[in-house]
Structures are given as C-alpha cells and as structure tokens.
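Let's take a walk through this structure together, with the sequence and the model open side by side.

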Amino acid sequence: MFLIDTSGSMYGPDRLDLLKQSLKLLVNKLRPVDKVSIVTYAGKAGVALEPTSGRNKAKILAAIDKFEAGGSTAGGEGLKLAYKLAESSQINGGINRILLATDGDFNVGINSTEELKAFVTAEKEKGITLSTLGFGDDNLNDAMMVQIADAGNGNYSYIDSLKEAQKVLQQEMSATLVTVAKDAKAQIEFNPQQVLEYRQIGYEKRQLKQEDFNNDKVDAGDIGAGKKVTILYELTLANGKPSIDPLRYQVNKTTVPITSKSDEIAFLKLRWKAPQDKKSKLVSLPIKKKALVSSFEQAGIETRFIAAVAAYGQKLRHNPELSQTSYQQIISWANHAKGKDPQGYRSEFVQLVKKTATLEDKKK
C-alpha cells in the first residue's frame with residue numbers, strides 16, 4: 001500500500017517529483033504475485049489505485065504519474081483510508097505493509113505524534129505494518145515519522161536523491177519490506193573486574209528499563225531482512241584512569257574477588273520474536289577478554305568504519321568527548337576502513353565529512 005502525501009508542502013523536485021521517481025524504482029521490482037494499492041491525501045484522502053497485481057506495471061506507473069501537489073495535509077484521514085483498503089486486500093501469511101511517503105507535515109485531522117502512534121499501534125495488531133519515507137528538508141518532521149514507523153513495526157528512511165531511493169527501494173527492498181525479527185532487545189552487563197566504567201554511544205532514545213527486557217508486552221525495535229544493528233560502547237578498562245571520581249560510600253568494584261568468570265569482559269543477552277510470534281526467544285553468551293585488541297589499528301575494518309561514523313555523529317552534536325578529535329582524523333579512519341565498497345556509500349561518507357570540515361573552517 002503506497003500512502004502518498006500530495007499536499008502543497010510536497011511541491012518541488014526534491015519532494016513529489018523525487019517521490020514519483022523513487023516509487024517507480026520499487027514498481028519495477030514487483031512480482032506478479034504482489035499487489036499494490038495507492039491512497040493519496042492533500043485536503044482530503046482518496047484512492048488513486050485499487051489493489052493491482054505487480055504484473056500490471058503500466059497501470060501502476062500511470063497512477064503514479066498523475067500525482068500533483070496542492071492543498072492542505074489530511075494525513076490522519078489518509079492513514080485511516082489506507083489501513084481500510086489494506087485490510088480489504090490483506091494476504092494471510094504474507095507481508096502487508098503500508099509505505100507512507102511524506103515530509104511529515106500533518107495539519108488536518110489526527111496530527112499529534114501520540115495520537116498517530118496509538119492509531120498505528122492498534123492497526124499493527126491486525127497484521128498490517130507501516131514504514132515511512134521522508135522527503136524534503138526545510139519542514140521535515142522526521143521525528144514523528146521515526147516514531148510512527150517504530151509503532152507500526154516498520155522502519156524510516158530519508159530519501160534525498162535518486163541514488164538513495166535506489167538503495168532503499170531496490171537494493172535493500174527486502175529489508176524495507178520484510179521483518180525477520182520484531183521487538184529485538186539487547187542487554188549487556190560488564191564485568192566490574194575488567195571494566196571500571198562505560199558510555200553507550202547512540203540509541204539513547206531506544207533504551208528500556210532493566211525489567212522490560214523479559215517483558216514481551218514491551219515494544220522494541222524490529223529488524224528487516226539483511227539488516228544489522230551495531231551498538232557501540234566506550235570503556236575504561238581495569239587499571240585505566242576513570243573519567244569521574246569514585247563515590248565515597250560505594251564499595252570499590254575492583255575489589256570483587258576473582259572468580260571463574262574473570263576471563264569475561266561482559267555478558268550479552270539478546271531477545272526477539274519471530275514475525276508471527278508473541279513469545280520471544282533468548283540467546284546469551286559471554287564476551288571473553290581475549291576478544292580485545294590492543295590498538296585501534298588492529299580492530300576489524302567494519303569496527304573501524306563504524307567508529308568513524310559514530311565519531312562524526314558525536315562531533316556534529318558538539319559532544320565534548322570529541323573535542324580533541326578532528327574531522328581530518330575521522331576522514332583518515334574512514335578512508336583506511338572502506339574495504340569493499342561496491343555501491344560507493346563509504347566513499348560518499350568520506351566526502352560528506354570533508355564537506356563538513358570545509359564548512360567548519362569557513363566559520364572560523
């Protein structure tokens with residue numbers, strides 16, 4: 001189900017024009033067994049295409065070509081109509097997903113994020129999921145689109161070019177449409193004999209309470225086919241210098257007696273549900289101290305490149321932890337960890353950091 005924002009705010013080459021080109025890429029990947037419906041909304045919502053087989057690509061493409069921008073944004077009405085149509089053509093045991101393409105500017109009807117999340121969550125229980133595609137920049141409400149995609153067991157992607165559309169809607173189509181693990185949670189406990197302190201980098205808004213890990217009723221993240229999730233921690237190891245002074249009345253954790261687990265640096269637990277299940281599965285494993293490497297250069301290519309991306313994100317947010325790290329250092333880390341880069345995404349990241357460094361130099 002394509003749910004398309006055709007309001008006035010979507011006018012322009014980087015919005016509705018790009019959206020139409022992007023959807024055409026996805027249509028070209030459809031199979032005869034697939035069905036596509038299209039709902040559009042501006043001042044009001046309407047059905048632009050009744051459920052149509054992927055075999056009839058010409059009909060689907062013709063419907064997309066008719067999109068024109070204009071009017072207010074009745075996004076809530078569009079959502080209701082899209083779910084109603086999706087339910088009427090639902091495939092039992094299949095992938096029933098709504099792709100909402102918008103700049104997120106809902107200004108008629110249901111428009112608060114909490115109301116939208118509640119509505120999408122209720123519909124998710126009927127077996128219809130929701131993913132969101134963001135377009136434009138000056139009034140982009142990506143925070144709302146991330147949250148309702150999470151509520152709908154889907155994912156959010158920002159489309160700023162046809163190249164990015166190819167990545168999301170062609171090369172990663174299975175990850176965009178197919179969920180392989182829902183309500184995925186990770187819990188890590190560091191061994192106080194080996195780790196004095198730690199700092200989680202990123203995913204601050206996705207943290208759960210400790211007691212929520214075993215509670216299958218608590219909603220968590222979903223993972224698409226072929227996707228991977230990386231969580232980074234910065235550690236101060238035993239015998240290192242902690243960044244904060246020890247508390248006066250707290251037992252010194254380094255005095256914990258040596259046990260049979262002294263060769264472990266951490267203990268990791270993962271919990272997730274299969275797409276159709278309501279009960280989660282649990283896998284746990286210790287992370288041995290021997291997994292550590294003695295220098296950044298000895299770390300694997302993936303780890304070093306991910307560290308460069310994380311450092312760039314923190315530096316953009318003016319994190320004081322990165323005050324001594326320059327953009328040139330980040331560029332060097334990424335350049336030496338590009339590895340195989342068939343689509344050129346890692347090279348594109350390096351160019352992005354270089355542009356940022358140039359802009360920062362002009363401010364000085």
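This is a predicted model: local features need pLDDT of at least 70, side-chain atom pairs count only at pLDDT 80 or more; totals for chains, interfaces and linings use all residues.

Next comes a pair of helices. Two packed helices are described by the angle between their axes and the distance between the axes. For helix H3 (residues 75-88) and helix H4 (residues 113-124), the axes cross at roughly 5° and come within 12 Å. Angles under 35 degrees count as roughly parallel, and H3 and H4 are therefore roughly parallel to each other. On the H3 side, Leu79, Lys80, Tyr83 and Glu87 take part in the contact, and they meet Leu116, Phe119, Val120 and Glu123 in H4. Sorted by class, this contact of H3 with H4 has five nonpolar and three charged residues, with no polar ones.

Now turn to the other sheet. Here four strands form an open sheet with antiparallel pairing, in the order S9-S7-S11-S12. Which strands stand at the edges? They are strand S9 (221-224) and strand S12 (281-288), each with a single partner strand, so one side of each is left without a neighbour in the sheet. The twist in this sheet averages 35° from one strand to the next. S7 and S9 run antiparallel and are joined by three bridges. Threonine 179 stands opposite glycine 224 in S9.

Strand S7 also leads us to a pocket. S7 (residues 179-190) supplies three residues to the lining of the second largest pocket, the largest share of that lining. The pocket has a volume of about 750 Å³. Its lining consists of 29 residues, and those nearest its centre are Lys124, Asn153, Lys182, Pro275 and Gln276. What is the make-up of this lining by class? There are 12 charged, 10 polar and seven nonpolar residues.

Our last stop is another helix pair. Helix H9 (residues 327-335) and helix H10 (residues 345-363) have their axes 10 Å apart and pack at an angle of about 170°. Angles over 145 degrees count as roughly antiparallel, and that description therefore applies to H9 and H10. From H9, the residues in contact are Tyr327, Gln328, Ile330, Ile331, Ala334 and Asn335; from H10, they are Phe349, Val350, Val353, Lys354, Thr356, Ala357 and Glu360. By class, eight nonpolar, three polar and two charged residues make up the contact of H9 with H10.

Key:
Residues are numbered from 1 along each chain as its sequence is written. Side-chain values use heavy atoms; hydrogens and water are left out. On a 1 Å grid over the protein atoms alone, a cavity is a set of points where a 1.4 Å probe fits but cannot get out, and a pocket is an open set with protein on both sides within 12 Å along at least five of seven lines; lining residues have an atom within 4 Å of a point. Grid points are joined across faces, edges and corners, and a volume is the space filled by probe spheres set on the points. Helices (H or I, at least four residues) and strands (E, at least two) are DSSP runs, numbered from the N terminus. Ala, Val, Leu, Ile, Met, Phe, Trp, Tyr, Cys and Pro count as nonpolar, Asp, Glu, Lys and Arg as charged, and the others, Gly among them, as polar. Two strands pair if DSSP finds at least two bridges between them. Axes are lines fitted to C-alpha atoms, for helices over the stretch in contact, and angles run from 0 to 180 degrees between N-to-C directions. Angles under 35 degrees count as roughly parallel, over 145 as roughly antiparallel, 65 to 115 as roughly perpendicular and the rest as oblique. Contact means heavy atoms within 4.5 Å.
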